[in-house]
Amino acid sequence: MNQSKPNYYAVIPADVRYSDLTPNAKLLYAEISALTNMNGKCTASTRYFANLYEVSRVSIQKWLKTLENKNFIKRVNI
């Protein structure tokens with residue numbers, strides 16, 4: 001994929017870093033936190049993340065579900 005990658009940094013809190021999440025779910029958490037706006041919301045789609053990481057939307061959905069189940073994120077469909 002010849003897409004320009006975002007140019008910003010992310011911080012992963014210790015409770016996420018040292019959890020039993022997969023490394024990819026931790027990376028996705030970092031991406032979500034970096035994209036979170038001043039209202040505490042990230043509006044990026046699963047397609048955006050799938051294209052960014054060059055994985056299937058199903059993989060992104062699994063990682064999101066894991067983050068949600070561990071109460072690291074809360075999702076609302078819009």
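Start at R75, which is partly exposed, with 34% of relative accessible area (buried means under 20%, exposed over 50%, partly exposed in between, using a 1.4 Å probe and protein chains only). Salt bridges that share partners tie R75, E68 and K65 into one network. A salt bridge here is a side-chain nitrogen of Lys or Arg within 4 Å of a carboxyl oxygen of Asp or Glu. This is a predicted model, where local features need pLDDT of at least 70 and side-chain atom pairs count only at pLDDT 80 or more, while totals for chains, interfaces and linings use all residues. Residues are numbered from 1 along each chain as its sequence is written, and side-chain values use heavy atoms, with hydrogens and water left out.

R75 reaches E68 with the closest N and O atoms 3.0 Å apart, and K65 pairs with E68 at 3.9 Å between the closest N and O atoms. Both K65 and E68 sit in helix α4, three residues apart, about one turn of the helix. An α-helix has 3.6 residues a turn, so residues three or four places apart point the same way. K65 counts as partly exposed at 41% relative accessibility, and E68 is partly exposed at 21%.

Search the whole structure and you find three salt bridges. One of them joins D20 to K70, with the closest N and O atoms 2.7 Å apart. D20 lies in the loop between α1 and α2, and K70 in the segment after α4, so this pair ties together parts 50 residues apart in sequence. D20 counts as exposed at 59% relative accessibility, whereas K70 is partly exposed at 37%.

What does L28 touch, leaving aside its neighbours within four places in sequence? L28 is in contact (heavy atoms within 4.5 Å) with F49, I60, W63, L64 and L67.

Definitions and conventions. Helices (H or I, at least four residues) and strands (E, at least two) are DSSP runs, numbered from the N terminus.
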